[in-house]
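Biologist: Could you take me through reading a sheet, and then a pair of packed helices, with one structure as the worked case?

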Amino acid sequence: MIKFIEVHKWFKDLHVLNGVNFHVKQGEVVVVCGPSGSGKSTLIRCINSLEPIQKGTLIVDGMDLGDRKTDITKLRAEIGFVFQQFNLYPHLTTLKNITLAPIKVRGLNKKEAEDLAMSLLERVGLTEKRDSYPAQLSGGQQQRVALARALVLNPDVLLLDEPLSNLDAKIRQQVRAEIRKLQKDLAITAIYVTHDQEEALTLSDRIAVLDHGKLQQLGSPRDLYQRPANPFVADFIGINNLIAGEVKEIQEAKGWMAVQTRFGLLKCVYEGRFKTGEACKVTVRPEVATICNTDEKNDEMNLIAGKVNFASYIGNTIRYDIALDPETLFKVDVQNPWNQRPFPIDEKVNVRFPIQITLGIPA
């Protein structure tokens, strides 16, 4: 449905998109995420030519945006856009905000447009707000009206640019679920921009991570969480412990490699991308590690000594910061800690984590 082929975009000397390559399949949701200034909002604005690209090829629903014969007006009629600021017309009621495009763009009569609008308002739970003005709606209600307005033309592609960032956490979760359900029910191809990692993981079929205009990794939420391609992705998607080291030994037949770090020799899953002597980083998610007082070693577990530096109670989880040395904190999530003795600050402990889910990534 959408193809980015070596796409480049500049704003004067600022290289906003730098050789971006990826495809979006029919009916798929790809979430584009990254820090502020990574180019993610510019990327989706290029899809409906709100921003022109300067180099490369961008194809949307079979139409090449670089071809002068492409009818951009026709293209935009097939694309729904939901903005961060909602962009509702303040002088129009909910119903009129939604019926404006079907009447003006598709030439529907008032009755046809209103029937279509009411069916969408029913789906987003706002039929009773048909005669309300935007100022009379909550933020979550305004965002659902904006979503209905984007869907009323039955677009082939739906673009969403951080649509939930202005909502509080509880409403954000509710609207997020509504967006995902509507997208699946209507089988719309969607590109969703966010800097929120939880949104990226829960909404997407695949995630594209951008940094300084470059695509760092594209894959399923599970791929990016469990198999990050580099330290940036490992640190951006969720929380990770990263320990620098050098590959000292590879046991390909046994499926592991040993990495020399300043905290000792750590074993990782061997995936064929390292050679002996190469620098790498050992990555461990907080929830796969445990804390213990024993220093007993075995062939299945890595073990590092440390001291409890801090503990945060988060309801069903206690997050410990374990100081491995004065400069390095290793985060461990102890889940469901109801009947467990808490580890006090400054207690000497050992951190254990399984070799079979310890990963080495390029430094």
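Modeller: Let us begin with a definition: two strands pair if DSSP finds at least two bridges between them. In this model, which is predicted, strand β3 (residues 29-33) and strand β8 (residues 189-194) pair in the parallel sense over 5 bridges, and T194 in β8 is the bridge partner of C33.

Biologist: In what order do the strands of the open sheet lie, and which are the edge strands?

Modeller: As a general idea, strands of a sheet pair through backbone hydrogen bonds, either parallel or antiparallel. Here the open sheet has 6 strands in the order β6-β7-β8-β3-β9-β10, and its pairing is mixed. The edge strands, each of which pairs on one side only, are β6 (79-82) and β10 (214-219), while the twist from one strand to the next averages 15°.

Biologist: Which strands does helix α1 lie across?

Modeller: Helix α1 (residues 40-47) lies across β3, β6, β7 (157-161), β8 and β9 (206-211), and runs at about 150° to β8.

Biologist: How should I read the packing of helix α5 against helix α6?

Modeller: Two packed helices are described by the angle between their axes and the distance between the axes. For α5 (residues 139-151) and α6 (residues 169-186), the axes come within 10 Å and cross at roughly 15°. Angles under 35 degrees count as roughly parallel, and α5 and α6 are therefore roughly parallel to each other; their crossing is right-handed. Residues making the contact include G140, Q143 and R144 of α5, together with I171, Q174 and E178 of α6, and by class the contact has 7 nonpolar, 3 polar and 2 charged residues.

Conventions
Residues are numbered from 1 along each chain as its sequence is written. This is a predicted model: local features need pLDDT of at least 70, side-chain atom pairs count only at pLDDT 80 or more; totals for chains, interfaces and linings use all residues. Side-chain values use heavy atoms; hydrogens and water are left out. Helices (H or I, at least four residues) and strands (E, at least two) are DSSP runs, numbered from the N terminus. Axes are lines fitted to C-alpha atoms, for helices over the stretch in contact, and angles run from 0 to 180 degrees between N-to-C directions. Contact means heavy atoms within 4.5 Å. Angles under 35 degrees count as roughly parallel, over 145 as roughly antiparallel, 65 to 115 as roughly perpendicular and the rest as oblique. A crossing is left-handed if the near helix is turned anticlockwise from the far one by less than a right angle, and right-handed if clockwise. Ala, Val, Leu, Ile, Met, Phe, Trp, Tyr, Cys and Pro count as nonpolar, Asp, Glu, Lys and Arg as charged, and the others, Gly among them, as polar.
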